[in-house]
Amino acid sequence: MEKTAAYIKLSMLPEVGAATARRLLDKFGSPEAVFEADKSALMSVDKIGEKTADTIMQAREEIDPSVPMEKMRKIGAEFIHLESPKYPERLKQLDDKPTGFFKLGKAPLDRPSVAIVGSRRCSAYGLSAARRFAMCLARAGITIISGLARGIDTAAHEAALEVKGTTVAVLGCGIDVVYPPENAGLYKRIVEGGGALISEFPMSSHADRQNFPIRNRIISGLSSAVVVIESDLRGGSMITARVAGEQGRDVFAVPGRIDSPYSRGCHALIRDGVRLASSPEDIIDDLAFSGQLELFPSNGDNAGGKTADTSNLSADEIRVLQSFSDGDELSMDDILYKTSLPVFSCMSALTILEIKKFLKKTPSGLWIRRNA
């Protein structure tokens with residue numbers, strides 16, 4: 001059996017989740033060997049009893065991987081398994097990593113990535129914060145990862161696309177199923193905009209409630225950091241935050257109003273030691289400090305400044321850059337005066353320009369062009 005087909009068949013076995021599949025692979029070495037094992041051999045695997053062994057033996061004779069493979073071909077999807085060179089390194093680090101997943105879209109999964117998650121039922125403040133964080137991070141070249149759910153997830157995906165950034169949606173259903181249905185347009189825009197949709201669930205799987213906590217470990221697992229924006233104490237985002245911490249990922253929470261039920265989860269996370277994120281720059285600074293954000297390596301004296309390619313800069317970033325003359329060392333107040341930009345817009349532009357190596361900070365805290 002062809003390797004990809006064998007892994008797809010393994011993913012379709014009933015009662016065999018990621019953990020059981022991993023135990024089977026550890027025991028037999030390959031999915032092909034799993035399908036050749038007899039009942040007693042299957043029952044020798046930890047936590048597989050007679051009933052599960054019978055189910056596996058029956059299902060492996062009945063499952064035809066050519067059916068989902070034909071569906072994949074029609075929509076242009078692929079299946080990335082553990083032995084594939086495309087399998088992302090971050091997921092390989094997980095104890096409960098998926099043995100494989102379906103992917104639709106061209107976005108690479110090995111770039112610096114940040115997950116933005118939050119409540120489906122959220123406030124206008126939460127939607128605004130999600131958009132602000134997603135836009136700034138996406139402009140810095142960071143992939144925005146979320147779950148395509150209503151509310152915060154949708155706002156994060158849409159904001160990343162608006163600034164022509166990259167976004168990846170991890171689904172709690174089959175890769176060919178749109179859920180929630182009102183996100184059909186967003187589903188299409190993510191793929192057409194250079195992003196990607198991924199799912200470990202079999203093709204055409206419905207969005208069952210139990211699937212969402214399972215997929216959350218992939219949202220955090222693919223990310224360098226997780227940002228929680230509005231969540232109640234028992235929201236799915238709290239599960240993602242907990243799992244992210246267990247995975248060794250950085251976790252941030254955006255504070256909200258003290259009297260808002262939408263903010264109780266974030267405030268609890270902050271109380272328990274999760275880092276408070278008051279701006280996207282907090283995330284960028286943390287990732288840059290930890291060495292996870294060397295996105296725009298210098299290529300000598302002309303890496304930034306006037307001779308660098310400014311085609312990917314936003315209007316605000318170009319405006320800030322043009323406020324510098326040769327040799328200028330400007331303070332934040334100087335730049336605000338010259339550009340007439342709002343403080344937040346100016347701060348975001350400065351952060352992006354520093355990451356992209358157009359500007360640098362002097363020891364005295366002033367800003368200067370890198371080629372000056």
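Where does Asp-328 lie? Asp-328 is found in the loop between α15 (315-321) and α16 (332-339). Helices here are DSSP runs of H or I with at least four residues, strands are runs of E with at least two, and both are numbered from the N terminus.

Good morning. Before I go on, a word on the source. This is a predicted model, in which local features need pLDDT of at least 70, side-chain atom pairs count only at pLDDT 80 or more, and totals for chains, interfaces and linings use all residues. Residues are numbered from 1 along each chain as its sequence is written, and side-chain values use heavy atoms, with hydrogens and water left out.

The term pLDDT is the predictor's confidence in each residue, from 0 to 100. For the protein chain the mean pLDDT is 89, and 94% of the residues reach 70 or more. Over residues 295-307, however, the pLDDT is below 50, and this stretch has 27 contacts in the model beyond near neighbours in sequence. A contact means heavy atoms within 4.5 Å. Where pLDDT is low, predicted coordinates should not be read in detail.

Let us return to Asp-328. Its side chain reaches the backbone nitrogen of Ser-325 at 2.8 Å. This is a polar contact, that is, a pair of N or O atoms within 3.5 Å; within protein, one must be able to donate a hydrogen and the other to accept it, and residues adjacent in sequence count only if both atoms are side-chain atoms. Not counting residues up to four places away in sequence, Asp-328 touches Ser-323, Lys-338, Trp-367 and Ile-368.

The side chains of Ser-364 and Thr-362 are joined by a polar contact of 2.9 Å. Is Ser-364 buried or exposed? Ser-364 is exposed, because its relative accessible area is 57%. The cut-offs are under 20% for buried, over 50% for exposed, and partly exposed in between, with a 1.4 Å probe and protein chains only. From C-alpha to C-alpha, Ser-364 and Tyr-7 are 57 Å apart in space, and in sequence they are 357 residues apart.

Tyr-7 leads us to helix α1. Tyr-7 is one of the buried residues. The elements that cover them include α2 (18-28), α3 (31-36), α5 (50-62), α6 (66-75), β1 (78-81) and β2 (100-105). Thr-4, also in α1, counts as buried because its relative accessibility is 17%. Leaving aside neighbours within four places in sequence, Thr-4 is in contact with Phe-79 and His-81.

Grid points are joined across faces, edges and corners, and a volume is the space filled by probe spheres set on the points.

The largest pocket holds about 720 Å³ of space. Lining this pocket are 27 residues, of which Ser-119, Arg-120, Gly-235, Gly-236 and Ser-237 are the closest to its centre. Which element gives the most to the lining of the largest pocket? It is α11, with 5 residues. By class, the lining of the largest pocket has 11 nonpolar, 8 polar and 8 charged residues. Here Ala, Val, Leu, Ile, Met, Phe, Trp, Tyr, Cys and Pro count as nonpolar, Asp, Glu, Lys and Arg as charged, and the others, Gly among them, as polar.

The search of the whole structure finds 1 cavity of 30 Å³ or more, and the largest cavity has about 40 Å³ of space. Among the residues that line the largest cavity are Tyr-179, Phe-212 and Arg-215.

Finally, some backbone geometry. Most residues other than glycine have a negative phi, and most peptide bonds are trans. The bond from Tyr-179 to Pro-180, however, is cis, with omega near -5°. Glu-230 is not a glycine, yet has a positive phi of about 65°; Glu-230 is buried, because its relative accessible area is 3%. Ser-340 also has a positive phi, near 60°, but Ser-340 is exposed, with a relative accessible area of 58%.

Thank you for your attention.

Notes
1 Å grid on protein atoms, 1.4 Å probe; cavity = no way out; pocket = protein on both sides within 12 Å on 5 of 7 lines; lining within 4 Å.
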